[in-house]
Amino acid sequence: MATERKKREWFELGAAAYARVHPGRFDQPTYVCPICAGPFTVEALADKRLTAEHVPPRSFGGRELLLTCKDCNNSAGTKLDADAKTKEDVQLAMAGTLERPHRIKATIGDMRVNGELLKSEGQYSLQIPPTINKPGTSKALPNVARVGTQLTIEYKHFAELGAKISWFRSGYLALFAVTGYELALDPAMEIVRKQILECDDRRMITFTSEAPQDIPLTVRRILGVLAPEWHRGWAVEFGRYFLHFPALGDTSFYDRMAAHAFEPVTHYSYRYLGWPSEPTFGLRRITDAA
């Protein structure tokens with residue numbers, strides 16, 4: 001957990017980075033939230049209007065990396081990160097690689113119950129714990145759970161768009177931690193921040209992609225994409241998830257991404273920027289913590 005001293009360091013570094021890009025905009029050191037672009041003076045640390053943000057979310061092993069405002073930080077947890085976590089758990093459960101029982105709903109004949117699904121040694125097992133069901137469920141279950149009875153498993157619902165935007169948000173914050181305000185507040189990034197803030201509707205056709213391989217989420221990289229030409233810009237990787245961002249001034253980036261969305265790409269060229277252990281906001285070289 002970031003100490004108050006560490007958060008003060010991040011504030012001062014961010015304020016200096018903003019002042020370099022927009023000199024004279026404010027008459028005292030000011031940290032601008034990279035998502036909503038709201039300005040905050042140092043007092044916002046004491047009253048908790050500025051908070052330390054985990055990148056990626058803590059539920060995926062992320063650690064605190066930079067500051068965002070309390071409203072932006074809290075809204076992500078309820079609207080976006082929960083969808084991303086549920087999607088990941090459902091996929092692991094379906095693949096039989098989830099290490100803990102996965103909560104599901106089951107319909108056995110005409111009886112609907114809460115259950116826990118677990119795969120062990122190539123076999124799925126379904127348990128119906130009394131503690132997560134209505135009283136009397138255990139007594140009634142043997143009357144319907146007979147050989148030949150139809151069983152339907154229903155996984156917890158999640159919003160696919162919300163899950164995508166959660167990773168997109170984390171990718172944007174990681175990129176901001178490295179490049180700072182020059183890129184984050186560039187006109188080409190306006191649609192990125194709008195998509196993160198207005199997360200109920202899709203603003204771009206293509207802004208994420210998923211590799212077919214099962215890559216551990218601990219693999220995290222920031223990449224400067226050099227080729228193909230239509231994809232020049234930035235990519236941030238979290239395991240099999242790739243998040244795509246434009247270069248400075250490239251306001252047509254996502255239009256090109258959409259136009260080439262279904263074309264096979266045989267070769268990518270990129271430069272590897274490492275992964276930030278601390279924010280630098282473009283003021284100094286990042287360190288590679290990967």
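**Exercise 1.** Find the strand that holds Tyr272, then decide how open this residue is.

*Solution.* Start with the strand: Tyr272 sits in β13, residues 269-272 (strands are DSSP runs of E, at least two residues; helices are runs of H or I, at least four; both are numbered from the N terminus). Next, the model is a predicted one, where local features need pLDDT of at least 70, side-chain atom pairs count only at pLDDT 80 or more, and totals for chains, interfaces and linings use all residues. Residues are numbered from 1 along each chain as its sequence is written, and side-chain values use heavy atoms, with hydrogens and water left out.

**Exercise 2.** Is Trp167 buried or exposed, and which residues does Trp167 touch?

*Solution.* Then check its relative accessible area, which is 3%, so Trp167 is buried. Finally, list its contacts (heavy atoms within 4.5 Å). Leaving out residues up to four places away in sequence, Trp167 touches Pro56, Phe60, Ala84, Leu217, Phe238, Tyr241 and Leu243.

**Exercise 3.** Work out how many disulfides the structure holds.

*Solution.* A disulfide is a pair of cysteine sulfur atoms within 2.5 Å. The count is zero. Take Cys33: its nearest cysteine sulfur, in Cys36, is 3.8 Å away, and Cys33 is in no disulfide. For Cys36, the closest cysteine sulfur is in Cys69, and at 3.7 Å that's too far for a bond.

Definitions and conventions
Buried means under 20% relative accessible area, exposed over 50%, partly exposed in between (1.4 Å probe, protein chains only).
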